[in-house]
Amino acid sequence: MQLTESLAAITRNITLQAPETQGEIVEFVLDDTLLTLSFVANIALAGLTILFIVAMARGVTDPRTKLIVVATMLISVVSISSYTGLMSGLTLSFIEMPTGHPLAGEEVLTMWGRYLTWTFSTPFILIVLGMIAGSNLTKILTTVSMTIAMCVTGLAAALTTSSYLMRWWWFVLSSAFFLVIVYVIMVDWTREAERTGTDDLFNTLKILTVVGWFGYPILWALGVEGFALLEVWMTSWGYSVLDIITKYIVTVLIVMYVVKEPETITADADYGTTLKSVGTPADD
Ligand code: RET
């Protein structure tokens, strides 16, 4: 009798611990209309933004402008893939929160694909901002490395289940990388944009970016990853709205400005080539 009971207990445990299949996760998402909409809205907006860029940038000839346009397009290309990953259940998991967490012992839906894909989208945002400010390769690469470090440690924060303290320690590390980016944007690039003559556009982008980007760690802390004060759909909509501001609105402003190919943005035909005249049509 006792043996049967223990066997039953073991089987129950195994069933409970078996990871959900992607199909089950998608079902969970579809059951929550608001959560589903937060994904679908962004797939649609990313698609529209790509089409908008293609339509607007058809006549662009200047090589530096083209580089900026391609980089802005890649932000939405990453985004459409990121939300497709979430919608298909591929980049979402239920994870058990450690002791100390407000939902300790409970299985919580983590949208870890978001943190993963920001690793690939945020560098393009920073490349474009740095180029508009007229900054140099060193500063652009510094911010790109910092954002990759920020997103990877953010991913670690979300996926750590061994200790609540370690989750917050990852958060602190990630925030340190984030502050370096904020410093470069607020101090270096602001000064450089003034010198370059792009400060009118840059200052608008700066406000949208810095204010918008601060929203992400705040949501992380308030959502299920941190203090669990917000429900999953609220956090997801929060991130989706921030994505709309920091990606699509920023992109539209940038593309509308650069496609006019102002002198503050353009470079001569040799731009980006390592050898003189490579890529330039021959004179004869
Ligand atoms: C995390 C949690 C850990 C601490 C910090 C974070 C910051 C995230 C940011 C994300 C920006 C994402 C954007 C995406 C657009 O595609 C990882 C939430 C500081 C700033 C702009």
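In this predicted model, an oxygen atom of the ligand lies 3.0 Å from an N or O atom in the side chain of K247. The protein covers 100% of the 540 Å² of accessible area that the ligand has on its own. As for location, the ligand sits in the largest cavity.

Turning to the aromatic side chains, the structure contains 13 aromatic pairs. The rings of F28 and F94 have centres 5.0 Å apart and planes at 90°, so this pair is edge-to-face. It joins distant parts of the chain, since F28 belongs to helix α2 (residues 22-31) and F94 to strand β1 (residues 93-96), 66 residues apart. F28 is partly exposed, with a relative accessible area of 35%.

A second pair, Y216 with Y239, is stacked, with 5.9 Å from centre to centre and 20° between the planes. Here too, distant parts of the chain are linked: Y216 is found in helix α8 (residues 199-222) and Y239 in helix α9 (residues 232-258), 23 residues apart. Both Y216 and Y239 are buried. Elsewhere among the rings, a cluster is formed by Y164, W168, F171, W220 and F227, which are linked through ring pairs.

Technical notes
Residues numbered from 1 in each chain as written. Predicted model: local features only at pLDDT ≥ 70, side-chain atom pairs only at ≥ 80, totals over all residues. Heavy atoms only, no water. Phe/Tyr/Trp six-rings, centres within 6.5 Å; stacked < 30°, edge-to-face > 60°. Helix = DSSP H or I, 4+ residues; strand = E, 2+ residues; numbered from the N terminus. Buried < 20%, exposed > 50% of the residue type's maximum accessible area, 1.4 Å probe, protein only. Polar contact = N/O pair within 3.5 Å; in protein donor to acceptor, adjacent residues only side chain to side chain. Areas by Shrake-Rupley, 256 points an atom, 1.4 Å probe, with all protein chains shown as cover. 1 Å grid on protein atoms, 1.4 Å probe; cavity = no way out; pocket = protein on both sides within 12 Å on 5 of 7 lines; lining within 4 Å. Sits in = over half its atoms within 2 Å of the grid points.
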